[in-house]
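Subject: Structure for your review

Dear colleague,

Please find below the structure that I am handing over to you. My findings follow directly after it.

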Amino acid sequence: VLFLQIVHILNMTSAKIVSFLLHPEESLHSLQNRIEFETGISTGNQELLLETGICLDPRKPASQCVIDGVRGWDSYMVYLFDKSKAVYDGPFASRSLSDCVNYIVQDSKIQLPIPQLRKVWAEAVHYVIGLKEDYSRLFQGQRAAMLSLLRYNANLIKMKNNMVSASQQLKAKLEFFHQSIRLDLERYSDQMAYGISSEKMLKAWKEMEEKASQCAQAEDIGYLDEQIMALHTEIVELQKSPYARRQGEVMESLEQRAIDLYKQLKARPPDHAYSDSTDMVKIIVQTVQSQDRVLKELFGHLSKLLGCKQKIIDLLPEIEVALNNIKEADNSVMQMQGKRQREIWHLLKIACTQSSSRSLVSSSLEGPTSTPAATWLPQSCSGNSAPHPLSSLAAPEDGENFADMIRENVNYLELFSSILQEVRQEQNSMMVS
């Protein structure tokens, strides 16, 4: 018996405790199937919480419900909640009375012998203590729900901070992108008259600007931020609420009064005296009324807690979608920025190539024309080696441009040779005449 593992489940929808003997290595899913059979709550709608507000891990065995500690395994509870219920009305009916206690409640002035009255009052005290313990267990379940809500809220705050940070980064990148593309478009328009123009590229840049304006919609998270802030305010109010604290002081005082009353009766000698149960019945009635009041407040507060928790559960996917949209917009902006920069460098390359080609052509044209034809004659006549026309030009780095330049200079050399021949022929004709 000492090695048996028994788990006690407090159903918060009915305030009833169901206990299960755990089989060795039993899975949590198997235990949930047994809970469904006993409570009628489907496994998909079951939420099992420990006192700390931690939800049971489905990957671990069912033995995680049993916690070894100073208090002993039999004092721990697992609290069962129904996810499909938005409002917990609560079981306002108190536990049933035993026959003998019900007998004195029906007629509190009935006279009973002291020995018999001791037994009846002992059960009455047990009933009063039971009412207080019922409330204490339900309050502990409410506290577990509060701790679970705070865990969800901590996760919500973490995701909200990530979302706000990503939104601010996207906003900064969009501002930089808009400023840089406006400057690029202005500079591009200034050089179109004398530089390079590309209608296709200009159209692509304008489309980028429009797409960036559409990406700005992803950074708008104001509606989510407002909902989260309102939810935070609601959670803080629930934490500050007096119903979030234990309300069993009246029941505890009534419990003590019942115990004291029983001790007084026990101290009386067991003679043939008779006595009624007016005082004890009054305590029972007050305890039942007090339990009804505190349970109504408890379940009203519990419904608000679970409502806030459901709002967080509904908000988390929306925040996840917003984060994905921000990341996609961020990637799109960075891709457009990189593409535009590559196009600018491509334009720069084209401009440099054209400038180099023009300088080479102008150099090759200026080289021969700048040298008068007469300077070639003495050198050719004296037999000295004439300097090659290409020796005054800088060799280009591009092989194809270099070959073109050689061909052009060879053509110019042939042209000058023919001119020289014509000049010689004219000189000879003049000397003959």
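Helix 4 (199-215) and helix 7 (278-369) each supply at least two residues of a positive patch; helices here are DSSP runs of H or I with at least four residues, strands are runs of E with at least two, and both are numbered from the N terminus. The patch lies on the surface and brings together K200, K211, K339 and R342. Patches consist of residues with over 30% relative accessible area and no salt bridge, with like charges joined within 9 Å and nonpolar side chains (Val, Leu, Ile, Met, Phe, Trp, Tyr) within 5 Å. Lys and Arg count as positive and Asp and Glu as negative, while His and the chain ends are not counted. The place of a charge is taken as NZ of Lys, CZ of Arg, CG of Asp or CD of Glu. R342, which lies in helix 7, counts as exposed because its relative accessibility is 57%. Throughout this message, buried means under 20% relative accessible area, exposed means over 50%, and partly exposed lies in between (1.4 Å probe, protein chains only).

Please note that this is a predicted model, in which local features need pLDDT of at least 70 and side-chain atom pairs count only at pLDDT 80 or more, whereas totals for chains, interfaces and linings use all residues. Residues are numbered from 1 along each chain as its sequence is written, and side-chain values use heavy atoms, with hydrogens and water left out.

Overall picture

The protein chain holds nine helices and six strands. Of its 433 residues, 36% are buried. The accessible surface comes to about 25,900 Å², and carbon and sulfur atoms account for 55% of that area; areas were computed by the Shrake-Rupley method with a 1.4 Å probe, and for residues only the protein chains shown count as cover. Among contacts (heavy atoms within 4.5 Å) with a separation of 6 or more, 79% are between residues 24 or more positions apart.

L21 belongs to strand 2 (residues 16-21) and counts as partly exposed because its relative accessibility is 36%.

Buried positions

Which residues does L156 touch, not counting those up to four places away in sequence? They are I228, L231, H232, I312, L315, L316 and I319. L156 sits in helix 3 (residues 114-191) and, at 0% relative accessibility, is buried. Its C-alpha atom is separated by 9.0 Å from that of I313, which is 157 residues away along the chain.

E255, in helix 6 (residues 249-267), is likewise buried, with a relative accessible area of 13%. Beyond its neighbours within four places in sequence, E255 is in contact with V128, I129 and K132. In the loop between strand 3 and strand 4 one finds D57, a buried residue with a relative accessible area of 17%. With neighbours within four places again left aside, D57 is in contact with L28 and Q64.

Salt bridges

Side chains of opposite charge can pair when their charged atoms come close. A salt bridge is taken to be a side-chain nitrogen of Lys or Arg within 4 Å of a carboxyl oxygen of Asp or Glu, and by this rule there are twelve.

One of them joins the side chains of E47 and K309, with an N to O distance of 2.4 Å. Since E47 lies in strand 3 (residues 46-49) and K309 in helix 7, this pair ties together parts that are 262 residues apart in sequence. Both partners are buried: E47 has a relative accessibility of 9%, and K309 has one of 5%.

Another salt bridge links R95 and D134 at 2.8 Å, N to O. R95 is in the loop between strand 4 (78-82) and helix 2 (99-106) and D134 is in helix 3, so the pair connects parts 39 residues apart in sequence. R95 is partly exposed, at 31%, whereas D134 is buried, at 17%. Salt bridges with shared partners join R95, D134 and R137 into one network.

The side chains of R34 and E26 also meet in a salt bridge, at 2.9 Å from N to O. Here R34 is partly exposed, with 23% relative accessibility, while E26 is buried, with a relative accessible area of 6%.

Yours sincerely
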